[in-house]
Amino acid sequence: MMLAPYRVLDLTDVRGQIAGMMLGDLGADVIRIEPPDGSLARDAGPRLDAGPETERSLSFAAYNRNKRSAVLDFSEEVDCERFLALVAGADFVLDSGPPSILDEAGLPFERLLEVNPTLVHVRVTPFGADGPAANHPAADLTIAALGGPLCLQGDRDRPPVRLSVPQAWRHAGAEAGVAALVAHARMRTTGKGVFVDVSAQAAMAWTMLQASVAHAIQGRDFEREGSALQLGRDALRLVHACGDGHVVALPRGMTIYPLKDWIIEDGLADEAWFDREDWTTYDARFVRGEEVQIPHEELQDLFERFLMRHGKDELFERAMALGATIAPVQDIDDLLAFPQLNARDYFIEVPLGNGETARAPGAFVKPGIGPMTTQRSAPKLGEHTTEVLGELEAKPRVRARVDVTPRDLPFAGLKVADFSWVGVGPISGKYLADHGADVVRVESQGRADALRTAGPFMDGKPGWNRSHFYGEFNTSKRGLGLDLKHTRARGVTDRLIEWADVILESFTPGAVDRVGIGYEAARAANPSVVMVSTCLMGQTGPIAQMAGYGYHAAAVAGFYELTGYPDRAPVGPWNAYTDTIAPRFLTTTLLAALDHRRRTGEGQHIDLGQMEAALQFLAPEMLARQTTGEVFSRQANRVKDAAPQGVYPCAGADEWCAIAVETDAQWAALRSLLGEPAWAQGVGLDTVAGRLAAHDVLDDGIAEWTQKHAPRDAMDMLLAAGVPAGHVQRSSDLATDPQLLHRGFHRSFEHGEMGRVPYSGHQFRISGYDHGPRGPAPLLGGDSFEVLTETLGFDVETVAEMMAEGAIG
């Protein structure tokens, strides 16, 4: 596999363990180094009811495939020496903190560097390895609060909500996979090892998508509005009841009109009703606030009555056949039976600690050089200790050779043709562009990226070059305006794919071949090209042609079912949630493919189904559903194995503080801080079970206290007492967050139309390398002349002709 030359030593706990799985899946030799009583990752829920204690964690079973386990006791000098000997032959070390096992053992990065001067050491922490919040206690809920997504999810008459399964450490861990390979590329430019600092708070800030810096752009924050899709001026509800559950669909002309005959068949409207509108322009007029003949309220009412007549599976399948997307809100049972996943042989059988097996998400991508396989299931504690130490004694590993190529940026000289649009592809291209690649973003006024029509818009005024939704995903790129359907486009694309080392596309399967930029054409022009095709469901399977956005994929993938209040319809995660997950897996794969190409000269075609990548974040719950019978659904902010946890009102307008008690000691600390109130007394409350049973009473008591304090003040008092807490921050709060300021998270640039604007920065920092976005997002076609003449070699007269004929623009 692509990373076969590399060895990874994995000391992560639940905070980051998915990174080692990703590198192992891509072929690296991953050795999980554990203390005698096992990694803390082995304690993480959900858990089996039976089996050896160290083998019951379904989280561990999900995220530790393709790893070996070796036990070392860092309290023993001989094992510290053994570890250093392993480091000398390794390429990567992954760990979590604080506390860090390595730091506590007197083995910080500087000591590791002494035995391996080219080591890449990646650490995953809640807020970063240094800074004012570095040592604050944290939990999934409080990181979601301080990172920002919590403020966007939920109904206005209730507290904000998170996803009801842990996500923060899964995001941070997957980002650590990206960070490791970016850092390795950086190391090869200097020959010097690097320390990589991954922040879960920054990773969660990125899940806000267009809301992250919205306040600075449009002068206001986005706020939680149930399931509404907020794209600037408009907010359209996405979740709708149907005959047997809920679906996600946008009640717009592009959804309604393809269903015309079906709606008429149902007797809900007639030809005359549809004839009242010009459906080819309805959505554009509605977005611009222009006159429409059918008010949107009338359209939505008809749509909702139509949906109630049918079940979610029928709506999904028949609507797709008619050219519309109505996505079912699926649960885990639905996912395990989903035909598309089974047709693509997605699931793998996982042996578990109780002797049973269960199906789990398998390969997150389909590489072009051979299938990505599970060579090993999650190891038993110390299963490979004798093997690993035997190898060390018999023939210590020599780490992969480092060919140093001096340059300022890791991907300087890499050439990328970016034909993708909206989220996953452009974000993946942004990683490359921000770190030095020359990424040419291809669009046209006839087919501009849809995000250019979505807010936040600078000063609230729409325009092709005024959307910061587009801006956030396209920093550091150049813009080429090219109408791919024009007769002269082929002459440009032929040169572009011959020039490119990497091609990104996110068309529906087969479309790129029709415009001459498919993999076979690209490979003929450049045999070592790495091409990425990413769409919602992958390139093959019965519903590969499904069109839509990340919110459709999030519904099908189960995330809507998991977000909201138990007594109400799902509200769903903010916007296109799968667009925040899939790029982490795609970029890690792409970087592995580029490393493989650097060493072998071999290119390939990568197929990433965004749903398949996103489902990695539900793997433990899928295992638990099959083995323990546990049902996973939305439960606001509560969890099943700790209490109290919730989001509590504070002084101020719609201000909130998240509090997450995870241990008995934290409960005692909270009780003490609140002055040992009567409602918090009683022997029964000394146990998790007792606190879970009394959760409503505890919530009322805590809320009475928080309402007396500003959210930051409440948070500070709780943190000082050792209780995880977080102000539920909005975009405007993130701009002044002390920890993000310390990390230099936001970067500002002069944009061609919007002026000086801030962009969200990187979720990790690499020592000795000040990195972030290198420049603003491009204007639509803003660099066409330069790209065509200087990069692709067209003469000025030819470019002028193509512009006059409408091919360029």
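In the predicted model, helix α1 passes helix α25 in a right-handed crossing. Helix α1 spans residues 17-25, and its axis lies 10 Å from that of α25, at an angle of about 40 degrees. That angle makes α1 oblique to α25. On the α1 side the contact is formed by Ile-18, Met-22 and Leu-23, and on the α25 side by Arg-584, Phe-585 and Thr-588. Sorted by class, the residues of this contact are four nonpolar, one polar and one charged.

Helix α25, which covers residues 578-600, also packs with helix α19, residues 424-434; the two axes come within 9 Å and cross at roughly 50 degrees. Helices α19 and α25 are therefore oblique to each other, and α19 passes α25 in a right-handed crossing. From α19, the residues in contact are Val-424, Ile-427, Ser-428, Tyr-431 and Leu-432. Those contributed by α25 are Asp-579, Ala-582, Pro-583, Arg-584, Leu-586, Thr-587, Leu-590, Leu-591 and Leu-594. The contact of α19 with α25 comprises ten nonpolar, two polar and two charged residues. Arg-584 of α25 takes part in the contact with α1 and in the contact with α19.

Ser-467 is located in the loop between strand β15 (438-443) and helix α20 (468-473). Its relative accessible area is 3%, under the 20% cut-off, so Ser-467 is buried. The side chain of Ser-467 reaches the backbone oxygen of Leu-451 at 2.7 Å. Apart from neighbours within four places in sequence, Ser-467 is in contact with Leu-451, Arg-452, Ala-454, Pro-456, Phe-457 and Met-754.

Notes: Residues are numbered from 1 along each chain as its sequence is written. This is a predicted model: local features need pLDDT of at least 70, side-chain atom pairs count only at pLDDT 80 or more; totals for chains, interfaces and linings use all residues. Side-chain values use heavy atoms; hydrogens and water are left out. Helices (H or I, at least four residues) and strands (E, at least two) are DSSP runs, numbered from the N terminus. Buried means under 20% relative accessible area, exposed over 50%, partly exposed in between (1.4 Å probe, protein chains only). A polar contact is a pair of N or O atoms within 3.5 Å; within protein, one must be able to donate a hydrogen and the other to accept it, and residues adjacent in sequence count only if both atoms are side-chain atoms. Contact means heavy atoms within 4.5 Å. Axes are lines fitted to C-alpha atoms, for helices over the stretch in contact, and angles run from 0 to 180 degrees between N-to-C directions. Angles under 35 degrees count as roughly parallel, over 145 as roughly antiparallel, 65 to 115 as roughly perpendicular and the rest as oblique. A crossing is left-handed if the near helix is turned anticlockwise from the far one by less than a right angle, and right-handed if clockwise. Ala, Val, Leu, Ile, Met, Phe, Trp, Tyr, Cys and Pro count as nonpolar, Asp, Glu, Lys and Arg as charged, and the others, Gly among them, as polar.
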